[in-house]
Amino acid sequence: MIFGLACLMLTHTNKAHSVSDGLAKGIGTNGEHKEVTDVGIRFKKLFRRAPRLPPRLSPDEKIIHRNFTGKLNEPNVEEQWKARQQNVKDAFTHAWSGYKKFAMGYDELMPVSRLGVDGLGGLGATVVDALDTAMIMGLDEVVSETGSWIESHLLDRIRQKGQVNLFETTIRVLGGLLSAYHLSGGDQGMTLAQKGPKPTIYLDIAKNLADRLLSAFTSSPTAIPFSDVVLRDSSAHSAPGGLSSTSEVSTLQLEFNYLSAISGDPKYSTEGMKVLAHLKTLPKTEGLVPIYISPHSGEFSGENIRLGSRGDSYYEYLIKVWLQLRDTQDGNFTYLHDMYEEAMRGVKHMLVQKSIPSELVFVGELPVGPKGYLSPKMDHLVCFLPGTLALGATKGLTKEKAMKDNLLTFEDLENLKLAEDLTKTCFEMYSVTSTGLAPEIAYFHTKDYFESGLDGGNKSSEYVNDIIIKHADRHNLLRPETVESLFVLYRITQDPKYREWGWHIFESFEKYTKVESGGYSSLDDVTTVPPPKRDKMETFFLGETLKYLYLLFGDSSVIPLDK
C-alpha cells in the first residue's frame with residue numbers, strides 16, 4: 001500500500017527479536033486495547049551513508065550478469081544498477097512532467113487525452129502521493145513544486161470538498177503527508193528533502209484531514225468505520241449496500257498510529273486499533289476472513305475469502321502493525337502476530353495450489369465452486385503477499401543475518417520459501433504476456449480447470465500453458481504489488497535475480513506504457529502488441545511502483561527494512 005513502504009521503517013530497537021521473544025512478552029490475549037502514545041512507535045533516524053558494497057554473486061549469477069555488464073568484476077555490476085536506478089528516476093521525472101503540464105491539482109492524469117481527472121475526491125492525490133518518492137530520489141525541484149502546492153491549496157480543498165473514501169484518502173493523502181513529514185526531518189526523522197515547506201506544515205494538514213476522517217469511526221454504531229466521509233461537514237455514511245471491505249477497515253492503522261505518535265494525541269490510534277481488536281473477536285476460517293464486513297452489525301458478511309481485492313491488506317497490516325507497535329511500552333499487541341501466523345497457516349492449508357504442467361505456486365480463492373474445486377483465480381493484488389511473508393519471517397533482517405543469529409523458526413523458513421515461490425509466479429504473470437506486463441487477474445491451469453485459447457501471447461514462455469488470461473482481465477493498471485515484493489525479497493535474500501526481474505518489468509513499462517508528451521498510461525490488453533492504452537496514470541505509479549523499483553536497484557542501506 002502507499003504508506004506501506006514508509007511504515008516498514010517504523011521503529012523497533014536495533015536488537016533483533018525472535019518470534020519466541022515477541023510471544024514471550026505476553027501481548028494481548030484478552031483483546032484489550034490500550035492507547036498508543038509511546039514515542040517508541042516513532043520513526044528513528046533511518047538514513048545513514050554506508051559504503052556501497054558490491055553484491056556477492058555466485059559463479060552462476062556472474063555468468064548471468066555478463067549479459068548485462070559485459071564484465072564479471074563486481075564494481076561494474078554495481079555501476080550497472082546505479083545506471084538503471086537513474087533510468088527509474090528519469091521515468092519518474094517524465095511521469096511528473098506530464099502530470100504537471102496537463103493535470104496539476106487534479107487527482108490523476110489522463111496522459112493520452114492530456115487532461116486531469118478527479119476520481120479520488122479532488123484533493124490533488126497525485127501531488128501528495130508522489131511527494132515522498134521525489135524526496136527519496138532527491139528530486140528537489142519536484143519536492144519544491146509539490147510542497148508549495150500542498151501548502152497553498154490542500155487545506156482549502158480539505159475544507160471544501162465533499163465525499164471521499166476513508167481507505168483511499170488515508171493511504172494516498174494522509175499517508176503521503178505523514179511520509180513527507182518524516183522524510184523532511186519531522187520527528188527527528190530522515191532529512192532527505194531540503195526543499196519545500198517545514199515538516200510542521202505537513203503535520204498540521206494531516207491532523208486537519210484525520211480529524212475529519214475520524215467521523216467514519218465515531219459515527220458508526222460499532223467498532224467498524226463507515227466507508228465514506230463528507231469532508232466539508234465531517235460526516236460519514238456507509239457505502240451503497242451498507243457493507244465495508246474488510247481490507248479497507250483494517251488498512252488505516254499504520255497511518256493513524258503514527259499520527260498519534262508524532263502529534264501526541266492518542267485519539268487517532270485509539271479509533272484505528274479498536275477495529276483490529278474487534279476483528280480479533282470474530283469467527284474465522286483457519287484465520288482467513290470474508291472480504292465484506294458490516295459497520296452496522298460489526299459482523300463479517302458472505303463467504304468469499306481471498307487475498308486479492310477487498311481482502312489483501314487485512315493480512316498485510318496484521319504483521320506490519322505488529323512490527324510498528326511491538327516495542328511500545330503501553331500496549332499488548334501480540335494478538336496481531338498470532339492472527340497473522342494463524343492466517344498464513346490457513347493460506348498454506350486451504351488456498352495454496354500448484355499449476356499444471358510447470359507447478360507454479362499460486363493462491364486461490366474460496367468458496368469452493370459448484371463443480372467442487374477451489375477457484376484457481378489470482379489477482380495481481382495478491383502479489384503483495386510474497387513481500388509480506390518475507391518481512392514477517394525475518395522482520396526485515398537479511399535471511400543470512402537472521403539465520404546466523406538463529407532467529408528463524410521452522411515456520412518462518414516455510415513462509416520464506418512460499419514467498420520465493422509466489423514471487424516467481426508473480427513475475428511469470430508478466431513474462432508470459434506479449435508485452436511483458438501482467439494482467440489484472442490470472443487463472444491457473446489445474447487438474448480441475450483449463451480453458452484453451454486464453455494464453456498470454458508469449459509462446460516462448462515456459463509457462464504459457466500454466467497461466468490463463470480471460471478477455472475481461474487483460475488490463476494493466478501500472479500496479480506496484482509485484483515490484484514491491486521484488487524489492488523486499490531482494491533486500492532479504494540478497495538474490496540478484498529479483499533485481500533482474502524488476503529490470504525486465506521496468507523495461508516493459510518503458511516500452512509500452514510511456515506517453516511521449518508526458519506520463520505513463522495503463523493498458524487495456526497486455527496480450528497484444530501494440531497494446532491499446534487505457535488513458536489513466538494511477539497515483540500509485542509514482543507513489544509506489546517507481547519508488548520500489550528505484551529502491552530495488554539502489555543501495556540497501558537506504559530505507560533499511562529492519563527499521
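Tutor: Start at the side chain of S485. One of its polar atoms sits 2.9 Å from the backbone nitrogen of G387. A polar atom of that side chain also lies 2.6 Å from the backbone oxygen of C383. Both pairs fall under the polar-contact rule: N or O atoms within 3.5 Å, where, within protein, one atom must be able to donate a hydrogen and the other to accept it, and residues adjacent in sequence count only if both atoms are side-chain atoms.

A word on the source. This is a predicted model, in which local features need pLDDT of at least 70 and side-chain atom pairs count only at pLDDT 80 or more, while totals for chains, interfaces and linings use all residues. Residues are numbered from 1 along each chain as its sequence is written, and side-chain values use heavy atoms, with hydrogens and water left out.

Back to S485. Its place is in helix α18. Helices are DSSP runs of H or I with at least four residues, strands are runs of E with at least two, and numbering goes from the N terminus. S485 is buried, at 2% relative accessibility. The cut-offs use a 1.4 Å probe and protein chains only: under 20% relative accessible area is buried, over 50% is exposed, and anything in between is partly exposed. Leaving out residues up to four places away in sequence, S485 touches C383, F384, L385, P386 and G387. A touch here means heavy atoms within 4.5 Å. L391 is 94 residues from S485 along the chain, yet their C-alpha atoms are 9.7 Å apart.

Q494 is not a glycine, but its phi is positive, about 60°. Most residues other than glycine have a negative phi, and most peptide bonds are trans. Q494 is partly exposed, with 35% relative accessible area. A second residue of this kind is E359, also a non-glycine with a phi of about 60°. E359 lies in the loop between β9 (352-354) and β10. At 53% relative accessibility, E359 is exposed.

Next, Y512 in helix α19. Y512 is buried, at 12% relative accessible area. Beyond four places in sequence, Y512 touches S434, T435, L437, L523, V529, P531 and K533. Take P531 from that list. Y512 and P531 are 19 residues apart in sequence, with 7.1 Å between their C-alpha atoms.

V529 also deserves a look. The peptide bond between V529 and P530 is cis, with omega about -5°. P530 belongs to the loop between α19 (497-512) and α20 (539-552). L366 and P367 are likewise joined by a cis peptide bond, with omega about 10°. That proline, P367, is in the loop between β10 (361-363) and β11 (377-379).

Two helix pairs come next. Helix α13 (residues 312-325) packs against helix α14 (residues 334-351) at about 140°, with axes 8 Å apart. The axes are lines fitted to C-alpha atoms, for helices over the stretch in contact, and angles run from 0 to 180 degrees between N-to-C directions. α13 is therefore oblique to α14. Under 35 degrees is roughly parallel, over 145 roughly antiparallel, 65 to 115 roughly perpendicular, and the rest oblique. The crossing of α13 and α14 is left-handed, meaning that the near helix is turned anticlockwise from the far one by less than a right angle. From α13, Y314, Y315, L318, I319, V321 and W322 meet residues of α14 that include H337, M339, Y340 and A343. This contact has 11 nonpolar, 2 polar and no charged residues. Ala, Val, Leu, Ile, Met, Phe, Trp, Tyr, Cys and Pro count as nonpolar, Asp, Glu, Lys and Arg as charged, and the others, Gly among them, as polar.

The other pair is α8 (residues 199-213) with α11 (residues 253-263). Their axes come within 11 Å and cross at roughly 125°. α8 and α11 are therefore oblique to each other. Their crossing is left-handed. L203, A206, K207, A210 and L213 of α8 meet F256, L259, I262 and S263 of α11. By class, this contact has 7 nonpolar, 1 polar and 1 charged residue.

Finally, the whole protein. It has 20 helices and 13 strands. Of its 563 residues, 63% are buried. Among contacts with a separation of 6 or more, 72% join residues 24 or more positions apart.
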